[in-house]
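Subject: Structure handover

Hello,

Here is the structure for you to look through. My notes on it follow below.

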Amino acid sequence: MSELDVRDAATPPEPAATPVPDPGLEEHVERYTDVDDRASRATYRQIVAMLGAVPVLVVAFVVVYFAVPISAEFALFGTTWKAQHVLLGGTVGLAILLIGMALIQWARLVMSDVEMSEERHPAQTGPEARAVLAADTKAGVEESGIKRRALIGSGVAGGLGLLVVPALLALGDLGPWPTDAVRAKTIEKTIWAEGIRLVNDVNYLPLKASELVVGQLVNAEPENLQALHGSEYQIAKAKAAIIVVRMDPNSIRIPDSRKDWQVDGILCYSKICTHVGCPISLWEQQSHHLLCPCHQSTFDLGNSGVVVFGPAARSLPQLPITTDADGYLVARSDFTVPVGPSFFERDSSKDFKDGDN
Amino acid sequence: MSERKPLRRRRGTRAFVLAATLGLLAVVYAGFAPATRSLAENTEQITQGKDLFATNCASCHGLGGEGLAEEGVPALTNVGAAAVEFQVSTGRMPAPNTVSQPVPRENTFTADEVAAMAAYVASLGTGPGIPNEDQYLPSGLTAEEIAEGGELFRTNCSACHNFKGSGGALPNGVTAPNLQETSPQHVWEAMRTGPGQMPVFASGAIPDADVKKIVAYLEQVNAQPSAGFNLGGLGPVSEGLWAWIAGIGVLVLFAIWITTKGARA
Amino acid sequence: MAKPTKIREDSPALAVQTPPEAPPAVNKLAPAAEWVDQRSGIGKVIKGALRKIFPDHWSFLLGEIALYSFIILLLTGVFLTLWFKPSMGEVEYSGSYELMRNIPMSEAFASTLNISFDVRGGLLMRQIHHWAAMLFVAAMTIHMLRVFFTGAFRKPRELNWIIGVGLLSIGLIEGFAGYSLPDDLLSGTGLRFVDGSIRSIPIIGTWVEFFVFGGEFPGELIIPRLYMVHILLVPGLLLGLISAHMALLVYHKHTQWPGPGRTQKNVVGYPLFPVYAAKAGGFFFIVFGVTTLMGALMQINPVWLYGPYNPSQVTAGSQPDWYMGFVEGAIRIMPNWEWHLGSTTWSWNIFIPFVGLMGLLFTGLALYPFIEAWVTGDKSEHHLLDRPRNAPNRTAFGVACMTCYGMFWAAGGNDIIATQFHVSLNDVTYFMRVAVFVAPVIAFIVTKRICLSLQRRDAETVLHGSPTGVIVRSPDGGYTEAHTPVSQGEAYTLTRHPQWTPVESGGRVRQRLSRWFAHGQIAKPTAEDIEAASHHAHPISPVDAAADETASIGSGKDAE
């Protein structure tokens, strides 16, 4: 057992001698169920009762499965419950639990509980076996001839290593490669363009400038989103979603460069947070602050969407809007910067910074 | 799966009583609506409202409802009768101070008095009037329309009020209230007038027909039977807490029972 | 495999070795067993294992909760795959949940609604699956804490510790992938978060994003891909790692608490067959039963209330499952550091809390056994557990790390803290930015003081016995509490732990760390101290507590 004691000389693993000698295993004390026949019989009855309840519960499960419709419900403890769900789970759950508890009682109170001791051995292979292993390895290496024909070894290792290249390249079509041209058509562009109407989300009502009141918030989309479906729709919506707000023009700061991006205090911003991309619409109409419910980044819509709090680093992109001949709100162009979370190749020099004009 | 079943109305009696009461209230309000009253009656009501306003509201909002911008007290010149009805009959106004968010308390005014104050404020300028029940009470909606109400709710409301209207947190101690006990009329009025920090959701974008769908969805979603205790309806945070308490907690107790030696002879 | 010991030699269970003329009771099992053994030789393997000894302690069952949760996940997961359609193709819902009638949604979400509303027992299976997933990660975490605080990760179990860290880390991936599959509003919001986080990786972020999502977010491939990861790739890895974890456990034999007759060279407990098999089997059914009852009685992830994923919708209370909460918190409180260099953007505000924090956690966990062994110079095998108090610096360090994790976790619920305690959300965030650094330091100091106090109490118990609660009045009028001497077994248990001694070799850093690790421990009483104390005190006699404290502390030399 000397392997157990290998250690730096400075730190003995176990005290050479403990201050109190080891008295050895405690004497076994019998349980009530071992000495008292009545206690033993009671335990037996208890276990049998638990196991006896199992078939009853299983029958109940079958009855519920066929007799209780999936839409049935009942009220208890102030909650309306799905009857079938709760009864199915309750019966089978209790049956499983009772089997478990019966097994445990059997092990605890019926089976012998005399503690036993088993020897341990060091994890390492014994010295003789190690010697055999070393000798075998050496013989094998000799017989393989690799020592004299070293290039075979390097060739096999190098060849296997090179196979990593085709293995990785085979994954090259996991997605389109985000080259400059691909990015310009995907994550740096939305379906907004000049003249596209702003419509309310879900019901696609176009928004008339004259009908918007101060303090109003509209969760809006581009009108051309309606034509899309499936993943095209989701991808487009994940970038094009906007919020339209109307504020008193005298209570907000509109930089000179953005005077014609708004209509009488109606401003339009990307709904997609510049942090990790949650849609934001918690707008406080009095403070003009817009809060992201995911990570609490807060943007000031009365000041071109600059960050006033939280982990987001960039202003919310603003969409330049105007009205068409019928007085409906339309976009003047796509967003001037990519919307949504940052990415490495993003040129963030054109984002609005607090104090820009 | 495709056959139409009638929409279930759970908590039916409660909803019915609520609807009936509100309907009755609406009838009462309709009786006071300016269009059905003579000019003289109307003037009399406005005068009564002005007196009530001077006593209960003017100390903050000013006698002419001009507000106090530097204290954050809004002007009431263009808020309309609906704003007064919402704020006073939910007990948010009169507020005890101008600092904290007004919270619902018991309304101590009679319906007549609320209507009078609303009429006075309405006379100060423009703004949405008190709605008729056919503007907000959902009836005869199809399942598709109520489902669309769900889409509207999740797009416009759940960001602040949570997916089933349980409420949520906003910056600086402001909260979005729980909507499960809010009456359809007050939902309509809140959307149209934008109380406190809540933005306005005006009819240009969300017409009355859509408000009814939202109201119907909110009512139906909260009447859905739950698959066990709903743990507060707050999502993964409370579920995690229960996994530790009820799951790991109970299983550790079982583990202790399994390994305990118990009493010995 | 373990060699048979004297206990097993008289075992009646080895039917395969039974000669024909053996007693009939033993012969009973023979025909079937013999048939199998003649073709597989399985008896050679079972022979040593059948009466293998397992020590009994509640904290040794925590890992079993994780194992059983995994089995429950496999069973319920197979059920769910029979109906779930991992497709992002758009359909209009026409199932029996009326509040989604005609709403466009992915097939994944529609089939989840189908399982929940049109398959009998489907919702029960979904809820059991989700609760079991929460328990799986929770049980792995608490099992790992038990192993850490008792020093069970030390030689020869470092490999098993690393396998455990691997299990925990891919368990998080498995949980997250499963959370994402129903394509409901919360899971889509979670995927949006992952998309934004992947993008933040410097230089290659956009490429990783396009490769993971098959193009732009959300695309139409992420759910089929996550499905494969969730039901094939990661469960396969988990199965392999769990098998290795268990094989090493069996080979090393379980650690045990110190006590009379329990040494580094034996293991004391109950045999696998029948006691431990019944206990472990019974506990499996208990875990399964409790999980089923949780699924029946506690609603979890009601996706029909969240609605299908829609990139322009979000709900208050958008939080991940609990085990991702610490990353969520770190992201929330991180200052908004971002570099704009030329035409590139470096999002440290996301990269550091997302990749950085998770990398730090799992790398730190994996390396800890080797760091501690290097600091203590300990190269010996350990099969007896440390009581946490007897390794005060390790225990305090562990509690400090837990506190740091807990602070990040709390920060993940900063909005809920703000509403519950009526404080400003912004102030909570500023507070947490400081607390994640300061609270662990406080926790370290407090824990270490507690450990040392417990060590002092142990020493005193050995020297003067345990307090009896009997107050004795002495002839001169003083009142003292009588103490009763402890048994030899208890005294042995309290004094057998090694004392830490710093290494004297190696570089300055190592020596300094080693001195720090050994610093402050209370010297345990020596045989002479105990001898002296037993002369001083009678079996039940008044003891002057103050004088004894001086004696017990004075008797030991400072470890440094």
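**Domains 2 and 3 of chain B**

In chain B, the centres of domain 2 and domain 3, taken over C-alpha atoms, are separated by 34 Å. This is a predicted model, in which local features need pLDDT of at least 70, side-chain atom pairs count only at pLDDT 80 or more, and totals for chains, interfaces and linings use all residues. Residues are numbered from 1 along each chain as its sequence is written, chains are lettered from A and ligands numbered from 1 in the order in which they are written, and side-chain values use heavy atoms, with hydrogens and water left out.

The division of chain B is domain 1 (34–129), domain 2 (132–225) and domain 3 (228–260); such bounds come from an automatic or database domain assignment. Four residues of domain 2 of chain B are in contact with five residues of domain 3 of chain B, where contact means heavy atoms within 4.5 Å. Between these two domains of chain B about 230 Å² is buried, and carbon and sulfur atoms give 44% of that area. Buried area is the accessible area (1.4 Å probe) that two parts lose on being put together, summed over both. Of the area that domain 2 of chain B buries against domain 3 of chain B, 81% is supplied by F163(B), K164(B) and S166(B), more than any other three residues.

For the interface of domain 2 and domain 3 of chain B, the rule finds zero salt bridges (a side-chain nitrogen of Lys or Arg within 4 Å of a carboxyl oxygen of Asp or Glu). It also finds zero residue pairs in polar contact there, with both residues required to be at pLDDT 80 or more. A polar contact is a pair of N or O atoms within 3.5 Å; within protein, one must be able to donate a hydrogen and the other to accept it, and residues adjacent in sequence count only if both atoms are side-chain atoms.

**N162(B)**

N162(B) sits in the loop between α8 (158–161) and β1 (168–169) of chain B. Helices (H or I, at least four residues) and strands (E, at least two) are DSSP runs, numbered from the N terminus. N162(B) counts as buried because its relative accessibility is 2%; buried means under 20% relative accessible area, exposed over 50%, and partly exposed in between (1.4 Å probe, protein chains only). A polar atom of the N162(B) side chain lies 3.3 Å from the backbone nitrogen of S166(B).

**Chain C against chain A**

Chain C puts 128 residues into the contact and chain A puts in 107 residues. About 10,100 Å² is buried between chain C and chain A, with 61% given by carbon and sulfur atoms. Four salt bridges are counted between the two chains. One of them pairs E338(C) with R314(A), whose closest N and O atoms are 3.4 Å apart. The rule also finds 44 residue pairs in polar contact across the interface of chain C and chain A (both at pLDDT 80 or more). On the side of chain C that touches chain A, helix α12 (residues 272–297) of chain C gives the largest share, 17 residues.

**Chains C and A on their own**

Chain C has 22 helices and nine strands, and 60% of its 560 residues count as buried. Its C-alpha atoms fill a box of roughly 90 × 80 × 50 Å, taken along the principal axes. In chain A, the assignment gives domain 1 (32–110) and domain 2 (183–350), with 57 Å between their centres, taken over C-alpha atoms.

Regards
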